[in-house]
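Open your viewer and keep the selection tool handy. Let's walk through this model together, one stop at a time.

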Amino acid sequence: MSSSNSVDFQPDAGGAHVNGHIPHDEQNTRLQIIDDEKHFNSELSKQIQQWGLQGAGFDYNLVAVFGSQSTGKSTLLNRLFGTTFDVMAESKRQQTTKGIWMCRGKAMNLMVMDVEGTDGRERGEDQDFERKSALFSLASSEVLIVNMWEHQVGLYNGANMGLLKTVFEVNLGLFGKKESSGRTLLLFVIRDHIGVTPLANLQSTLTADLLRIWEGLSKPSELKDRQLSDYFDLEFTTLPHKILAPEQFETEVLSLRRRFSEKDNPGYLFKPDYHKRIPADGVAYYMEGIWEQVQSNKDLDLPTQQELLAQFRCDEISAGALAEFNEQAKSQKRPVEAGQVVEGLGGMMRNWRTQALTRYDRDASRYHKAVYTRKRADLTAALDSTLSPLFLGQLKNLHKFCLVQFKKALLNGLKGDEYDFGDVVLKARAKWEGMFEERAKEAFVEGTDWVWEDELELLKEEIGGVADQCRKDETKKMINQIERNIKKHISEPVELQLNSGAKDMWDEILKSFKNTLAKAESAYLTKAKSFNCTEEENISSLATLRKRAWQTLRAKIDEQTTDAVFLSKLRGHFEERFRYDDQGVPRVWKPDDDIDGAFKKAKEQTLDLVPLYSDIRPQDPALEFTLPSDSIDILSGEGEFDFDASLNVFSPNKQVELSNKFRKDADAYYVEAKRSTVAGIAQIPTWMYGVLVVLGWNEAMMILFNPLYFTLTLMAIASAWVVHQLGLAGPLFQVSRTVAGEIHTQATSKLREHFSQPAHAEAVRASPAPSRSSSMRDLYDEDENRRRQQQEL
Ligand SMILES: Nc1nc2c(ncn2[C@@H]2O[C@H](COP(=O)(O)OP(=O)(O)OP(=O)(O)O)[C@@H](O)[C@H]2O)c(=O)[nH]1
């Protein structure tokens, strides 16, 4: 046989090898999973990870070898799978494999178990380990290689038939109740096949032996009819003598290897049916559980074991996924709690959730379906309960944000005068409610039972409340504005009409008032339409508007009918009638004029105006204005309003008082008029000037003809003329007044000195005339005071 047929990988060592030396190549590292003291090695999980099989899922195979000690089991495995199990040195004949070892098959997703040989002289009669290891291998492997020398075929103990009996028995316990699963392949490898006895003969001998054993088993009654083939497939193969026919040996090993490695090989041995359906990452835990059960001699219930494994692994996988997820979710917890609306939170949450579930599904879906599904639901609930506060927080923050933005939009939109309130509200509402909906939908995670619609309803309610309040404020603002306009428009006509005192003045005032009010009402209704005011609101607003307009009119009337203003109006009317004639020319009273008659007439006519002013009563009843007395002012909240009382400007008492005051004023005019006629009577008649000339003729002639008098007169006239021309009249008067004052002071001083001499003083004291003395004292005191004042100045 050519060397090209040899297996392309070689065992790394023969030679001395007791447990311990581990090759550097991690892929080929072997591990003693159960030591000779029957302890399970908890490092298996880590080792599987190092072999790179952790994530293989179901895409791996597990094979174990059975057979007597030193029958070349390790050699076979190393050749077949490129493992690195210890092989006994040719020179020594002693046990090399103790306990159970495991190694990864080279370039294959394969876990290979090398089990301690049976019939070992080291354990003597103790077959406990054999049984336990058989049970353990059967529970986990897909293929059990039963290794034997050709010459062992037909022997009972030598061919491990006793052990196989045990295997069959435990198999019934493990898988007996299950119909379809739990099949295992028993591959009999007959070593050192010389070729004298063909494989077919060996096969039939062994099959007959196995069937006999099967028949001899004490099976539970419900499994009585079960056949060996219901649980086991049997395959037989031979290998030539390794030492005598090495090349043939290598060729056969290679072809056997192909049956393990090539899935499309017709003799492929790892049929899916044999797989124990334990995911690679759970193998270690599963085996540990099985070994524990085997060790404690408890009934080994594989489905329960698988469920337990599933629970453990699903919990582990779930915890891993959850830890990563929590770490991600934590990053957004703080901003949400701080009231921030986190951009794209929904996307993030969906991502984290999907990642966690995908991770869980990837690793856990291979385990027991029911457990996987249950744990998935638990995980989903845990994920959602972590995300839920973020979602709710986001909604709350979004709610606040949108409400604030809506208020801002209103503020901005309602600036200036040129805005349509309804439009501003509608647009702001649509924008921010829409924004909430959009963002809330974004934050929603599909597959949860979260609800955002309630929060939207709440927001809508609040926005509605704000808009409503704003609308009311706007309406009030509008009413105030209209009220100011009314005031502006009715001011002038009211003043004009109240000044005129015409009989139809109230008609004119009310006409102008009603016109203005009608315009105001239509202005209100136009605006109210855009405010979306309700019919009810319109009614109350218009009532307020009317009431306010009326009050404005009344205020203007009050302003024009205060006592002073009204009396001045009456005086005006009186003067017009009394002091001016029918053509409006001022009258100059003559003694023969009928002052009394004119006075009386003007006074009566003027007094007639008082009742006209006293009540707002138009002549045309159509112009009458009324207000319901219970109209409530929506701006001030004032209710009850006595409209009828508001029609009265002056009460009867007031009318009397004003009439009296006016009478006094009128009397004064009368007296003045009378005086002006008396002044006219007191004028000097012209003839008196003639009498004066006649009587003063002589004196005038004397002055004219006396040169001294004449010169003096001329000089006086000339001086007066000069003084007048130079404008010195004023200073001259001042000087003369000062001189006179000085003369008076000097004279007083002289008199004081004179009366202050002792003789005089005594005389004065002795004087019996006290009235004179006291008058002198007064004079003295007065003089003293004046002197003191002058000094102070
Ligand atoms: N005659 C013969 N000897 C072999 C064959 N294969 C291996 N050997 C030799 O048998 C001896 C035992 O080999 P191992 O592979 O260690 O046998 P084993 O069954 O693993 O031994 P334990 O692990 O101790 O039970 C070694 O010296 C091998 O060289 C074979 O096919 N024929």
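Start by selecting leucine 187 and glutamate 235: the leucine stands opposite the glutamate, which belongs to strand β7. Keep in mind as you look around that this is a predicted model.

Now widen the selection to strand β6 (residues 184-191) together with β7, and you will see the two pair in the parallel sense, over seven bridges. Is β7 enclosed or open to the outside? Strand β7 (residues 232-238) is largely enclosed by the rest of the structure, because five of its seven residues are buried.

Next, pick out Ile33, Leu44, Phe136, Phe168, Met287, Trp550 and Phe578, which have the most contacts inside the largest nonpolar core, a set of 158 residues.

Zoom in on phenylalanine 136. Leaving aside residues up to four places away in sequence, Phe136 touches Ile33, Ile34, Phe40, Ile100, Met113, Met287, Ile290 and Trp291.

For the last stop, select helix α20 (residues 687-705) and helix α21 (residues 707-726). Their axes are 5 Å apart and the helices pack at an angle of about 85°, which makes α20 roughly perpendicular to α21. Show side chains where they meet: Met702, Ile703, Leu704 and Phe705 come from α20, and Pro707, Tyr709, Phe710 and Thr713 from α21.

Note on methods
Residues are numbered from 1 along each chain as its sequence is written. This is a predicted model: local features need pLDDT of at least 70, side-chain atom pairs count only at pLDDT 80 or more; totals for chains, interfaces and linings use all residues. Side-chain values use heavy atoms; hydrogens and water are left out. Axes are lines fitted to C-alpha atoms, for helices over the stretch in contact, and angles run from 0 to 180 degrees between N-to-C directions. Helices (H or I, at least four residues) and strands (E, at least two) are DSSP runs, numbered from the N terminus. Angles under 35 degrees count as roughly parallel, over 145 as roughly antiparallel, 65 to 115 as roughly perpendicular and the rest as oblique. Contact means heavy atoms within 4.5 Å. Buried means under 20% relative accessible area, exposed over 50%, partly exposed in between (1.4 Å probe, protein chains only). Two strands pair if DSSP finds at least two bridges between them. A nonpolar core is a set of buried Ala, Val, Leu, Ile, Met, Phe, Trp, Tyr and Cys residues joined through side-chain atoms within 4.5 Å.
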